[in-house]
Amino acid sequence: MDHLSDSAVRAARDLRVVFSRLRRRIREIAQDADLTPSQESALTLVGKHGAATASALAAAEGVRPQSMATTLAALEQHGLIRRAPDPDDGRRQLVTLTDAGRARVEGNKQVREEWLARAFQDRFTAEERETVLRALVLMDRLSQP
């Protein structure tokens, strides 16, 4: 890290820490006691990607297929997902949300967005919120290839 400025190293470290804390806090907001964090994450992933195979979901989550199979079995027992044969390849099954799963994903998303908006409203001045919005434009550059 000899060629990196102190401010770049500090910004990288501090940003990672703050984003980790914020991500954890946002996840806690809509956590239901009946699902584990990995089940919540998989449910959200199915909602985001639509119909997908268990192996594709495992790859997207960075977990072993066996772990995803266990997670999906629990979600299926809760009535939040369903599996159906892939119309293009009958050997595979596609995982989709049930109506209950879709309602849960949307409800969690709404709760999280409302919490975050309320936190911005209550904890920041209008000027500070504008500063955050300007900083987000800059932060978006990090997500670009």
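Tutor: Begin with a definition: a salt bridge is a side-chain nitrogen of Lys or Arg within 4 Å of a carboxyl oxygen of Asp or Glu. Bear in mind that the model is predicted.

Student: How many salt bridges does a search of the whole structure find?

Tutor: Side chains of opposite charge can pair when their charged atoms come close. With the 4 Å cut-off applied, the search of the whole structure gives a count of eleven.

Student: What is the N to O distance in the salt bridge of glutamate 28 and arginine 25?

Tutor: Both residues belong to helix α1 (residues 6–29), where they are three residues apart, about one turn of the helix. Glutamate 28 is partly exposed because its relative accessibility is 45%, and arginine 25 is partly exposed at 36%. The N to O distance between their side chains is 3.5 Å.

Student: Is aspartate 89 buried or exposed?

Tutor: Buried means under 20% relative accessible area. Aspartate 89 has 17%, so the term for aspartate 89 is buried.

Student: Which element gives the most residues to the largest nonpolar core?

Tutor: The largest nonpolar core has 16 residues, and Leu43, Leu57, Leu72, Leu75 and Ile81 have the most contacts inside it. Two or more residues come from each of α2 (37–49), α3 (54–61), α4 (65–77) and β2 (89–97). The element that gives the most, with four residues, is α2.

Student: Which residues are in contact with leucine 72, leaving aside its neighbours within four places in sequence?

Tutor: Leucine 72 is among the residues with the most contacts inside the largest core. Contact here means heavy atoms within 4.5 Å. With sequence neighbours within four places left aside, the residues in contact with leucine 72 are Ala54, Leu57, Ile81, Arg83 and Val95.

Student: How is the pair of phenylalanine 120 and phenylalanine 124 classed, by the angle of the planes?

Tutor: The count of aromatic pairs is one. Its ring centres, those of phenylalanine 120 and phenylalanine 124, are 5.3 Å apart, and the planes stand at 40°. Planes under 30 degrees apart count as stacked and over 60 as edge-to-face. The angle of 40° therefore makes the pair tilted.

Student: What are the relative accessibility values of these two phenylalanines?

Tutor: Both phenylalanine 120 and phenylalanine 124 count as partly exposed. The value for phenylalanine 120 is 27%, and for phenylalanine 124 it is 33%.

Student: With which side chain does the side chain of serine 38 make a polar contact?

Tutor: Serine 38 lies in helix α2 and is partly exposed, with a relative accessible area of 41%. Lysine 109 is 71 residues from serine 38 in sequence and 16 Å away in space, C-alpha to C-alpha. The polar contact of the serine 38 side chain, at 3.1 Å, is with the side chain of threonine 36.

Conventions
Residues are numbered from 1 along each chain as its sequence is written. This is a predicted model: local features need pLDDT of at least 70, side-chain atom pairs count only at pLDDT 80 or more; totals for chains, interfaces and linings use all residues. Side-chain values use heavy atoms; hydrogens and water are left out. A nonpolar core is a set of buried Ala, Val, Leu, Ile, Met, Phe, Trp, Tyr and Cys residues joined through side-chain atoms within 4.5 Å. Buried means under 20% relative accessible area, exposed over 50%, partly exposed in between (1.4 Å probe, protein chains only). Rings of Phe, Tyr and Trp (its six-membered ring) pair if their centres lie within 6.5 Å; planes under 30 degrees apart count as stacked, over 60 as edge-to-face and the rest as tilted. A polar contact is a pair of N or O atoms within 3.5 Å; within protein, one must be able to donate a hydrogen and the other to accept it, and residues adjacent in sequence count only if both atoms are side-chain atoms.
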